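Please read its numbered points alongside the view below.

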Amino acid sequence: MVSIDVWNASVDFPIFDAKSRSLKKLALGKVGGKIGSEGKVPIIEALHDITLSLKDGDRVGLVGHNGAGKSTLLRLLAGIYEPTRGQSRIVGKVAPVFDLGVGMDPEISGYENIMIRGLFLGMSRKEMEKRVDDIAQFTELGDYLSMPLRTYSTGMRVRLALGVVTSINPEILLLDEGIGAVDTAFLAKARDRLKGLVARSGLLVFASHSDEFLAEFCNTAIWMDEGHVKMHGDLREVLIAYKGYDPFERMHLSHDAPVLSGNGGEKQ
Amino acid sequence: MQATSTLDQAEAPPAVKSRSFKRAFADVREAWDHRELWGHLGWQDIKQRYRRSVIGPLWITISMGTTALALGLLYSVLLDAELPAFLPYITAGFIIWNFILGCVTEGTDVFIANEGLIKHLPAPITIHVMRMVWRQVLFLAHNLVIYLIVMVIFFGTLSEPYRMTDGGTLQPGISWTILLAIPGFVLLAVNAVWVSLLFGVISTRFRDIPPVVNSFINLVFFMTPIVWDADILTKVTKTAGSDSQWRVLIAELNPVYHFVEVVRAPLLGHHVDWHHWVVVGGFTVVGWLAALVILRNYRARVSYWV
């Protein structure tokens, strides 16, 4: 059973090097979390009183303005941040794909990066060696895999990161926006893999500003606003409420019935 | 399938306490389970540093060799010591000191330097410490080549009882006790882990600690019998009378001296003094307790602080 449960969780960042006076002015701004300064150290309340329950088969899109707390929420769900107040419980193996540069060494080859990524995600060296060919095939990077990572384009890095993450059978996959850099052909491939992942009773949370991607991968959505969950429900309903119009109407017909929108991806 | 958040929320919050010794131990244990990861990363760090250089990690060995040779020549003259006995002494001491230096200076910086990884991948924080200590072990392994060369050259002197300085202690010479260097070094490495866990977490919160440590560590080097010999203290004491006994404390009160000595004495065939082992053992226990308390209370805060 894969699940993420969060009860009344808050994430407060202490900002040790900020002058609290100038921060008070900042607090009037609308972007970013609330800034409190009850104690000596100013605090940014990135997430406030989050209560969530995600189970296997859930494919959740994460929408919201910049600084609404999407990335922080993803990190809370990944277990990177333990809530300052409240509780969280994560059951299952988490594979986060946040910043594509992190955990990737630009100076070493794609192969070596695959290995390191895999080890970080809890694989053993042997298990990764078995998967390398599969990843190489999936990413279509060919001989580039022996080149240093710094020679890769952004899209190629996304391919590599997604290739590793989807090959290791994660139970919980958390994606942040960066994946937008890949081309459509590859996306179709990635979709199949993600579909398989969700079908294996995995759980997907995907933060994106792109309606197409959300429609492609998700069936429910969370709307984050100023560190709160403003709305959580059906993807279309949330998007309509968030955008003020129905983005699905404008999309191409094929997106009206996205392959992934079945129940857990089993029926097409 | 409609997932509505609060309606099907699981039962009441479990009593999962983030601040517990169980979680602190789990962090260390999981880091050990990930040994393939930090083992790999440690190697990678070394390879990385010498990428594109022609002789690669051999530079580590060469720089250690020249330093040890120069210091050995200089100080054996200054202290009027026997070169065949004193050069190995300085070499071994300097290699061990380099390990300690690396662990302490990089240890204070260990979480700050790994900010990206800590914020992007859920992993026990002890992993970063293990990777750093492992890297230092690999550096030490490269430097051991110098020790072996020096040993081969001066084995004649060191294999029989010898004195480093005129009137110094008579050392028994190399024997089976050389094997004690292995447990000695394991103890040293185990201590390196708690030191960097403890100071790493504190430094992440208080960024003044790394510069403070960096400016005092040189002082520690000169205060520790590495380029000089603790025998000198007793020699001075003998000539100056009994009221200058306190001078021995210059070395004895310095914990680093004991850590150096548990590894160095067996390597050189010096007399193995068990009180060093007792001191090091005590530091191991107390230090790990302190590190576990810090880990218990602030482990979860590190990702907020970096």
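**Helix crossing in chain B**

1. The axes of helix H7 (residues 126–158) of chain B and helix H8 (residues 181–205) of chain B cross at roughly 135 degrees and come within 10 Å. Axes are lines fitted to C-alpha atoms, for helices over the stretch in contact, with angles from 0 to 180 degrees between N-to-C directions. Helices (H or I, at least four residues) and strands (E, at least two) are DSSP runs, numbered from the N terminus.

2. This is a predicted model: local features need pLDDT of at least 70 and side-chain atom pairs count only at pLDDT 80 or more, while totals for chains, interfaces and linings use all residues. Residues are numbered from 1 along each chain as its sequence is written, and chains are lettered from A and ligands numbered from 1 in the order in which they are written.

3. Strand E9 (residues 220–225) of chain A is largely enclosed by the rest of the structure, because five of its six residues are buried (20 or more other C-beta atoms within 10 Å of a residue's own, C-beta atoms being placed from the backbone).

4. E9(A) pairs with strand E4 (residues 59–63) of chain A in the parallel sense over four bridges; pairing requires at least two DSSP bridges. In E9(A), A:Trp223 stands opposite A:Val63.

5. With strand E10 (residues 228–234) of chain A, E9(A) pairs in the antiparallel sense over six bridges. A:His228 in E10(A) stands opposite A:Asp225.

Notes
Buried ≥ 20, exposed ≤ 12 C-beta atoms within 10 Å, placed from the backbone.
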